[in-house]
Structure formats: C-alpha cells, structure tokens
Amino acid sequence: MDAKHALNCVNLVPLFKSLPPAEKTAVANLVVQHHYQKGTIIYLAGDRIGHFMILERGQVKLSQIAENGKEQLLKVMQPGDFDGEAALFSRDQRNVTATALVDSTVCQIDQDAFQDLLKQSPQLAVNLLTTMSQQINHLQEEKTVSATSDVAGQLAKYLLETSASLNETHFKLPLKKKDIATFIGTTPETISRTFKQLVKAGLIRVQASTVEIVDQDKLTEMI
C-alpha cells in the first residue's frame, strides 16, 4: 500500500495520532493492508497475537466462548477501532476471536517489526507511553458516559455506525437482535421494544432483519 494510505490508517489510532510526524511516518512504514470477506475468521482465541490490527473499513466482531459453550459477543469494531495493543509490547495469546461481520479491510502492524522500531527510537517508546497514559484516562471517562447512556441512544449509535461502515441507509443487520442486546448490555426484550419505539417515532423502518434509516439527524441527536 502507498505511504499516504498507510499514514491515514495510522492516524485512525489515537495511540499514534499525536506522535511527531517523523515517528508517525516510521510507524506507517510498517503497515500492511489485508482484505477479509464477510464471515472470515481473522484470528482465533489462543492464537499468538503477532500483530496490531486497525479496522479501516467494515465491521469486525470480537467474541469468546463462554463456559456453557455459547458464543459471547464482546465488541463490534467499527472503522477506526483497533485491537491487539498487547502485540506491540508482549507475546501474549489472543483471548478473543475476531470475525468479519461484513466485507472488511484492516491495516496490520507486525509485532517484531514494531519492537525493532522501538529499539531504534527510544523517544518513540517514551512518546507512546505518554499517549497511552492519556488514553487510559480518556477511556475511564468514556466508560462513565457509556454507563449512563440509555438503550435507545446506544441502539441509535449502533445503527448509525453500521450504516456508515456499509455506506448504506438500507441494510441487513450483521448481528442478530439478541446479539445486539448482548453488545449493548441489555435484554432481547428491551431491544425489541426499543426497535419498535424508533419505528413508531419514524426514525427507522424495520422488516425482519433489514433496517432502513429514515431520519439520520434525529438518530444522531439521541446519542
């Protein structure tokens, strides 16, 4: 991939975005792009982490198998999200499985190549540690806001993000409604009621597992 494209991927990640231009370019030189079709398993729980992944386009679900043998949805990655920070500094194993919910494009940075870069540039390591501490504080604040957000607002956010990742306002839900409930942290019954509320308000149309966004502005106001 060309240098400008790789730099755009790096700029999606807050961890790298605030780095000085020269260091950011050095990281961008390590980026490799990969394309995954809908349903493709990108990596499995138990795999060596090996690389840092930045989602450039599409949607990827992170899940794990619960003790009862059922899949437990942990997160739905949207464009700009990333996973595998531990790969930059350690040789741990993955504890989740990543699966492309729709056709997706990711940018990857190899662990060994990144660690070689850190050895060559101690200042890069210092800058990254500073940025990571700032991100931890930000995530704590974000978690507090998320905990107080209502279900309708979180569902609106999920629908808008899905629409953006597919570049369509009329789409089939990549997740089942029960999985959306798990992702948001509520019950399937509450999700069903919330879908009906959004339909009644004229913000969306729903037919089976297909959704059409009717009023994007008002959905955005709910977030």
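Mentor: Glu161 and Lys157 both lie in helix H6 (residues 151–166), and because they are 4 residues apart, about one helical turn separates them. Helices here are DSSP runs of H or I with at least four residues, strands are runs of E with at least two, and both are numbered from the N terminus. The model is predicted, so local features need pLDDT of at least 70 and side-chain atom pairs count only at pLDDT 80 or more, while totals for chains, interfaces and linings use all residues. Residues are numbered from 1 along each chain as its sequence is written, and side-chain values use heavy atoms, with hydrogens and water left out.

Glu161 and Lys157 form a salt bridge, with their closest N and O atoms 2.7 Å apart. The term stands for a side-chain nitrogen of Lys or Arg within 4 Å of a carboxyl oxygen of Asp or Glu. Glu161 is partly exposed at 24% relative accessibility, and Lys157 is partly exposed too, at 37%. On this scale, buried is under 20% relative accessible area, exposed is over 50%, and partly exposed is in between, using a 1.4 Å probe and protein chains only.

The whole structure has 4 salt bridges. One of them joins Glu71 to Lys61, with 3.1 Å between the closest N and O atoms. This pair links distant parts of the chain, as Glu71 is in strand E5 (residues 71–77) and Lys61 in strand E4 (residues 60–65), 10 residues apart. Glu71 is partly exposed at 44%, whereas Lys61 is buried at 15%.

Back to H6, which also packs against another helix. Two packed helices are described by the angle between their axes and the distance between the axes. For H6 and helix H8 (residues 188–200), the angle is about 75° and the axes are 10 Å apart. Axes are lines fitted to C-alpha atoms, for helices over the stretch in contact, and angles run from 0 to 180 degrees between N-to-C directions. H6 and H8 are therefore roughly perpendicular, a label for angles of 65 to 115 degrees; under 35 is roughly parallel, over 145 roughly antiparallel, and the rest oblique.

From H6, the residues Val151, Ala152, Leu155 and Leu159 meet Thr190, Ile191, Thr194, Phe195 and Leu198 of H8, where contact means heavy atoms within 4.5 Å. This contact has 7 nonpolar, 2 polar and no charged residues. Ala, Val, Leu, Ile, Met, Phe, Trp, Tyr, Cys and Pro count as nonpolar, Asp, Glu, Lys and Arg as charged, and the others, Gly among them, as polar.
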